[in-house]
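Please look over the sequence and the structure shown below. The report that follows takes up a charged network, a pairing between separate parts of the chain, a helix packing and a surface patch.

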Amino acid sequence: MLSIALLPMYMYGSAALTLTSEKLGKNDTTAVQEIIRRSCSTAMTIYIVLTVVYILCRKRLPLLISDDIKLTDLSSTIIIPMVIMNIFNPMQTIYQYVLQAYNDGKFVLYASAVANAISVAFMLVLFTVKVSLHAIFEGLFINYMFLFLVYRRRFARS
């Protein structure tokens with residue numbers, strides 16, 4: 001269900017990639033900033049609206065997918081941490097696509113590799129301290145937030 005809420009980040013990310021490439025060809029950097037603003041705000045609005053619905057209906061929605069009570073109970077208890085974990089994901093994805101349009105794919109590759117390695121190490125440490133899914137959620141939250149901040153800063157310098 002959360003994947004459905006995250007679909008707009010890919011749609012708007014792909015659109016931002018294409019539109020940014022077109023605007024860069026015309027040297028219209030002001031339009032690129034507007035593309036980012038609109039893509040991020042629209043993707044985040046859709047994400048927030050859908051996740052609020054999911055949270056409000058967290059006891060009933062899992063029953064659409066499975067009738068396994070243990071599974072549906074677990075999914076209803078982890079939906080809020082999963083929503084929080086992904087709060088920066090749409091924005092970091094859109095900035096990632098825009099940086100790729102700026103022909104900065106190598107930076108994106110290296111930055112994501114470093115961020116992912118740090119996040120995995122952080123998750124392993126957390127998981128050994130407190131064995132729970134929340135260690136993974138916290139690690140991914142930090143990953144997405146870090147990448148968003150790094151990508152946004154990189155874009156500001158371009």
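Glu34 counts as partly exposed because its relative accessibility is 29%, where buried means under 20% relative accessible area, exposed means over 50%, and partly exposed lies in between, computed with a 1.4 Å probe and protein chains only. The model is a predicted one, in which local features need pLDDT of at least 70 and side-chain atom pairs count only at pLDDT 80 or more, while totals for chains, interfaces and linings use all residues. Residues are numbered from 1 along each chain as its sequence is written, and side-chain values use heavy atoms, with hydrogens and water left out.

Glu34 forms a salt bridge with Arg37, their closest N and O atoms being 2.5 Å apart; the term requires a side-chain nitrogen of Lys or Arg within 4 Å of a carboxyl oxygen of Asp or Glu. Both residues belong to helix 2 (residues 29-56), where they are three residues apart, about one turn of the helix; helices here are DSSP runs of H or I with at least four residues, numbered from the N terminus. Arg37 has a relative accessible area of 47% and is therefore partly exposed. A salt bridge also joins Glu34 to Arg38, at 2.8 Å from N to O, and this pair, likewise in helix 2, is four residues apart, again about one turn. Arg38 is exposed, with a relative accessible area of 52%.

## A pairing across the sequence

The side chains of Asp104 and Arg154 meet in a salt bridge at 2.7 Å, N to O. Because Asp104 lies in the loop between helix 4 and helix 5 (105-129) and Arg154 in helix 6 (residues 133-157), the pair ties together parts that are 50 residues apart in sequence. Asp104 is buried, with a relative accessible area of 15%, whereas Arg154 is partly exposed at 32%. Elsewhere, salt bridges with shared partners join Glu34, Arg37 and Arg38 into one network, and the count of salt bridges comes to three.

## Helix 1: packing and surface

Helix 1 and helix 4 (residues 89-101) pack at an angle of about 25°, with their axes 8 Å apart. The two helices are therefore roughly parallel to each other, a term that covers angles under 35 degrees.

Tyr10 is found in helix 1 (residues 2-25) and, at 43% relative accessibility, counts as partly exposed. Together with Ile4 and Leu7, Tyr10 makes a nonpolar surface patch of about 300 Å²; patches are made of residues with over 30% relative accessible area and no salt bridge, with like charges joined within 9 Å and nonpolar side chains (Val, Leu, Ile, Met, Phe, Trp, Tyr) within 5 Å.

Key:
Areas by Shrake-Rupley, 256 points an atom, 1.4 Å probe, with all protein chains shown as cover. Axes fitted to C-alpha atoms, helices over the stretch in contact; angles between N-to-C directions. Parallel < 35°, antiparallel > 145°, perpendicular 65-115°, else oblique.
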